[in-house]
Amino acid sequence: FIITYTGSLMKKYGILRLVDAMKYINNMDVELRIYGDGDAVDYVTEAAKQDTRIKFFGLISKEKATNILFESSVLVNPRSSSDGDYVLYSFPSKDIDYLGTGIPSILCKLPGMPESYYDFFIDAGNGTSVELAECIMKVYKMPINERLEFGKKALDFITKRIDPVNQANRIVKMIMNSI
């Protein structure tokens, strides 16, 4: 069972909480794979030395990162609304990328995220290590067909949402409503 995080390994983005979530997961067949670079590299590297289920691969190309996502059982973005004022206006593109893979995703609801997204990811609440671990185990316990169906619904939602015609219609509607 492969948990994947790709991207900025910045403490302010919650990566430490994701790494620490592994302390609350006793299953030896659960593996956390981390790809990226940032101010939390030393923490992640040390955690990988302490827990063989944590694998740190460093910085890789965007193309390789995209391919790696499809090897995953679940994708996690631990960024939460408690990570600072910047999240008030944040909607990480990573969330859209993750949902668009068709792999179940664990995310935290952010103030800038439209409610229409809520049904398509597992909500990690405040993104604490305990909450992340609980969500990971929730996906782990899902029957494979249920996991695949959940991911497929997210993929379908994102595909329809970012369709160029739908995007253009939303822009026109926004403009018309502001006149």
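Modeller: Let me begin with burial: a residue is buried under 20% relative accessible area, exposed over 50%, and partly exposed in between, with a 1.4 Å probe and protein chains only as cover. This is a predicted model, in which local features need pLDDT of at least 70 and side-chain atom pairs count only at pLDDT 80 or more, whereas totals for chains, interfaces and linings use all residues. Residues are numbered from 1 along each chain as its sequence is written, and side-chain values use heavy atoms, with hydrogens and water left out.

Biologist: Why is arginine 33 called buried?

Modeller: Arginine 33 has 18% relative accessibility, and because the limit is under 20%, it counts as buried.

Biologist: What makes glutamate 31 and arginine 33 a salt bridge?

Modeller: The term asks for a side-chain nitrogen of Lys or Arg within 4 Å of a carboxyl oxygen of Asp or Glu; between glutamate 31 and arginine 33 the N to O distance is 2.6 Å, so the pair qualifies. Glu31 and Arg33 also belong, with Glu71, to a network of salt bridges, and by this rule the count comes to seven salt bridges.

Biologist: How do you know that lysine 23 and aspartate 20 form a salt bridge, and is each of them buried or exposed?

Modeller: Their closest N and O atoms are 3.5 Å apart, which is within 4 Å, so the pair is a salt bridge. Lysine 23, at 61%, is over 50% and therefore exposed, while aspartate 20, at 18%, is under 20% and therefore buried.

Biologist: What parts does the salt bridge between lysine 109 and aspartate 123 tie together?

Modeller: The side chains of lysine 109 and aspartate 123 meet at 3.7 Å, N to O. Lysine 109 lies in the loop between β5 and β6 (122-123) and aspartate 123 in strand β6, so the pair ties together parts that are 14 residues apart in sequence; strands here are DSSP runs of E, at least two residues, and helices are runs of H or I, at least four, numbered from the N terminus.

Biologist: Why is lysine 109 called partly exposed?

Modeller: Its relative accessible area is 32%, and because this falls between 20% and 50%, lysine 109 is partly exposed. Aspartate 123, at 33%, is partly exposed by that rule.

Biologist: Why is threonine 101 called buried, and where is its place?

Modeller: At 10% relative accessibility, threonine 101 is under 20%, so it counts as buried; its place is in the loop between α4 (93-99) and β5 (105-107).
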